Amino acid sequence: MRVDVITIFPDYFAPLGLSLVGKARGAGVVDLEVHDLRTWTSDVHRTVDDTPYGGGPGMVMRPEPWGQALDAVGPGTLIVPSPVGKPFTQADAYDLAGLDHLIFACGRYEGIDQRVIDDAAARMPVREISLGDYVLFGGEVAVIVIMEAVTRLLPGVLGNASSLDEESHSAGLLEAPVYTKPAAWRDRDVPAVLRSGDHGRIARWRRDQALLRTAARRPDMMAAYPPASLDKADRKT
Ligand SMILES: NC(=S)c1ccno1
């Protein structure tokens, strides 16, 4: 997977060199390049913003640098993290993990001139994605989150790919509680079923716990369960 990130703060992306994303880059699973938007400015001050038409607070990112930047790195699937985007889900992470070329546009200030999005949409798929109903200083942190959610789904990145099968949101439920040694800790014991060696009972216990947890914390997920994406073989109802 080829990934281009366009930002006015390239240093934000040093963390992508660490951990799994760094491993994926080292293994050639992800080819990541971070670009400074100011590369495509032409004035001495390397200006990327201006006052908003119609008035109002703050500044808007100018279309010219963005247009040239996207011409240079595209086409691909353009992803714009934004408070006005579609809520990002695990299903979206799987979708993006199946694509060949992702281009992330990191907005700042009050946002990017809308014509940049509209112009790009005439030449490539565009997805405005929101991580939640809150506002960040810019899209950079959201790109790091999306990159981690996507990269870990790529073949060969996770040491044990089967861990994807039971994790939260993969089958429409929250994951069951997990435990490790010691069997007793501060007068709290690991549930006996998990130490029984009876894999059938353990699977049923984990399923029940996942259903209980989801019902208690995410009635929205429960209402949508089982997800249409879950094929019949996986519907453990
Ligand atoms: N909620 C998201 S993804 C965002 C991006 C920029 N500000 O908020």
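The shell around the ligand holds 7 nonpolar residues, 4 polar residues and no charged ones. This is a predicted model. In it, the ligand sits in the second largest pocket. Strand 5 (77–87) and strand 7 (126–130) each supply at least two residues of the ligand shell.

**The ligand and its shell**

- Which residues surround the ligand? Pro81, Ser82 and Pro83 are among them.

**Backbone atoms at the ligand**

- A backbone N or O atom of Gly132 lies 3.2 Å from a nitrogen atom of the ligand.
- For Tyr134, a backbone N or O atom is 3.0 Å from a ligand nitrogen atom.
- Leu136 also places a backbone N or O atom 3.0 Å from a nitrogen atom of the ligand.
- How much of the ligand does the protein bury? Taken alone, the ligand exposes 260 Å², and the protein buries 96% of that.

- The ligand shell, in contrast, has no charged residues.
- Which elements each supply at least two residues of the lining? They are strand 5, helix 4 (114–121) and strand 7.
- Strand 5 gives the most to the lining, with 5 residues.

**Cis peptide bonds**

- The peptide bond from Lys181 to Pro182 is cis, with omega near 5°.
- Where does Pro182 lie? Pro182 is in the loop between helix 6 (163–166) and strand 8 (184–185).
- Tyr225 and Pro226 are also joined by a cis peptide bond, with omega about -10°.
- Pro226 is found in the segment after helix 8 (219–223).

**A positive phi angle**

- Tyr109 has a phi near 60°. That is a positive value in a residue other than glycine.
- Tyr109 lies in the loop between strand 6 (101–105) and helix 4. Helix 4 supplies at least two residues of the pocket lining.

How values were computed:
Residues are numbered from 1 along each chain as its sequence is written. This is a predicted model: local features need pLDDT of at least 70, side-chain atom pairs count only at pLDDT 80 or more; totals for chains, interfaces and linings use all residues. Side-chain values use heavy atoms; hydrogens and water are left out. A residue is near a molecule or strand if one of its heavy atoms lies within 4 Å of it. A polar contact is a pair of N or O atoms within 3.5 Å; within protein, one must be able to donate a hydrogen and the other to accept it, and residues adjacent in sequence count only if both atoms are side-chain atoms. Accessible areas come from the Shrake-Rupley method with a 1.4 Å probe; for residues, only the protein chains shown count as cover. On a 1 Å grid over the protein atoms alone, a cavity is a set of points where a 1.4 Å probe fits but cannot get out, and a pocket is an open set with protein on both sides within 12 Å along at least five of seven lines; lining residues have an atom within 4 Å of a point. A molecule sits in a cavity or pocket if more than half of its atoms lie within 2 Å of its grid points. Helices (H or I, at least four residues) and strands (E, at least two) are DSSP runs, numbered from the N terminus. Ala, Val, Leu, Ile, Met, Phe, Trp, Tyr, Cys and Pro count as nonpolar, Asp, Glu, Lys and Arg as charged, and the others, Gly among them, as polar.
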